[in-house]
Amino acid sequence: MTVRHTRRAFLSAATMMAAALAATACGSPQDTASGGGDSAAPVKVGLVYSQSGPLASYGKQYIEGFKAGLDYATKGTGKVGDRTIELTEVDDAGDPAKAVSAAKDLIGKGTKIIAGSTASGVALQVAPIAAQNKVLFISGPAATDAITGANRYTFRSGRQSYQDVVTAKSFIGDPAGKKVVVFAQDGAFGDANEAAVKAVIGGAGASVSSVRAPASATEFTPFASQIKAAKPDLLFVAWAGTTAPAMWQTLDQQGVLSSTTVVTGLDIRASWPTFGAAGSKISFLSHYFDGASDTEAAKAAKAKIPGGTIDLFHPDGFAAAQMVVRAVQEGGDDVEKMVKALEGWTFDGVKGSMTIRAGDHALLQPMYQAKLSGSGTAFTAAAQKSLTGDETAPPVTQMKG
């Protein structure tokens, strides 16, 4: 595994968080405090995420967002009170075994805060380690719903799959009596998306069916014909891999995109050219894209992120840093106090108002309907509608541990 160890010290002084904000568990995360003690010892934070592997591009955005968020939350000091936030970065390459090994190694060296987890499979393996060792774990871009309520030591700084699907549901208004088709590849990814749509949109009264294609498929006309014949009110597309351009081109050529509302998730900016000419005809559910919000945190992120463009997973890293600072401000080295400080906390992130639900640690947050305009590398995204954290809130999950 690759480990990068950094100590960050900035020029300006930290400020004290107002007692009223602490009492209400609601406030501006850039305010800093003494961190629960007189010790000037560094606070060790382990960041275990994908620096390499299939999700390396996601990991790159996460760490850029984290460092921008740390700068924002500490007002440029890199400290909570007199204590430097000392980061140790470890590459898990998307491998759960590597992540677990890294987490155990960091915990053995006295680290009480672990953050990261670009991949869902990684997050699900690290969460139990946090509970067993009573350390704080803040999962990152990993979207699996199972992280919510995993245990009282586990939190998340990104959205979860349920919030994606609820955003998709918003495109058809009241789902009762509506017909929804899921178009996805065979395999676990397709299974998970079909199950989520059936649970969320089907559970709200829609009739949900699916058209599934082999992962090896390269000819999509037969599947487009099946979809048109079904005459859905909403087509939900869940697709991954190099065949995406051909798939979207076929749906467009066969008239699917003009005959119904077609919804899919808006991935990182580098993927947008794969939509081709179909891009402007698709309705997108979005976790985030540059310009989706105009918050103070978003402005701060743009100023610090290389290139000045906020992408899909920058907000997850930014929020993770805000949560780390909050935990240390209120808890010092006491993990139980860290947990209590995060539970029920409302803060202003890149996306806007974010609330950590106390009962199961779901992160309630805005989500977006988006459209693309332009073409290829010149595509730009615009928000059609913003949904509040309450509108996209997942059902409360019983805490498992």
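Tutor: In this predicted model, the largest pocket has a lining of 41 residues, and those nearest its centre are Y58, R159, F189, W239 and D267. The space in this pocket amounts to about 1,200 Å³. Several elements each give two or more residues to the lining: helix 5 (161-169), helix 6 (188-200), strand 11 (234-238), helix 8 (244-253), strand 12 (261-265) and strand 13 (283-286). Helix 6 gives the most, with five residues. Sorted by class, the lining of the largest pocket holds 24 nonpolar, 13 polar and four charged residues.

Two of the elements named in the lining, helix 5 and helix 6, also pack against each other. Two packed helices are described by the angle between their axes and the distance between the axes. For helix 5 and helix 6, the axes come within 10 Å and cross at roughly 60°. Helix 5 is therefore oblique to helix 6. Their crossing is right-handed. On the side of helix 5, the residues in contact are Y162, V165, V166 and K169, and they meet A196, V197 and V200 of helix 6. By class, this contact of helix 5 with helix 6 has six nonpolar residues, no polar residues and one charged residue.

Helix 2 spans residues 56-73, and helix 11 spans residues 314-331. The axes of these two helices come within 6 Å and cross at roughly 40°. Helix 2 and helix 11 are therefore oblique to each other. The crossing in which helix 2 passes helix 11 is right-handed. In helix 2, the residues that take part are Q61, Y62, E64, G65, F66, A68, G69, L70, Y72 and A73. Their partners in helix 11 are H314, D316, G317, F318, A320, A321, Q322, V324 and V325. The contact of helix 2 with helix 11 consists, by class, of eleven nonpolar, six polar and two charged residues.

Helix 2 also packs with helix 10, which covers residues 296-304. Here the angle is about 120° and the axes lie 9 Å apart. Helix 2 is therefore oblique to helix 10. Helix 2 and helix 10 have a right-handed crossing. A68, D71 and Y72 of helix 2 meet E296, A297, A300, A301 and K304 of helix 10. By class, the contact of helix 2 with helix 10 has five nonpolar, no polar and three charged residues.

Most residues other than glycine have a negative phi. K134, however, has a phi near 55°, a positive value in a residue other than glycine. K134 is found in the loop between helix 4 (120-133) and strand 7 (136-139). K231 has a phi near 50°, which is likewise positive in a residue other than glycine. The loop that holds K231 lies between helix 7 (221-230) and strand 11. Strand 11 is also one of the elements that give two or more residues to the lining of the largest pocket.

Conventions
Residues numbered from 1 in each chain as written. Predicted model: local features only at pLDDT ≥ 70, side-chain atom pairs only at ≥ 80, totals over all residues. Heavy atoms only, no water. Axes fitted to C-alpha atoms, helices over the stretch in contact; angles between N-to-C directions. Helix = DSSP H or I, 4+ residues; strand = E, 2+ residues; numbered from the N terminus. Parallel < 35°, antiparallel > 145°, perpendicular 65-115°, else oblique. Left-handed = near helix turned anticlockwise from the far one by under 90°. Contact = heavy atoms within 4.5 Å. Nonpolar A, V, L, I, M, F, W, Y, C, P; charged D, E, K, R; others polar. 1 Å grid on protein atoms, 1.4 Å probe; cavity = no way out; pocket = protein on both sides within 12 Å on 5 of 7 lines; lining within 4 Å. Points joined across faces, edges and corners; volume = space filled by probe spheres on them.
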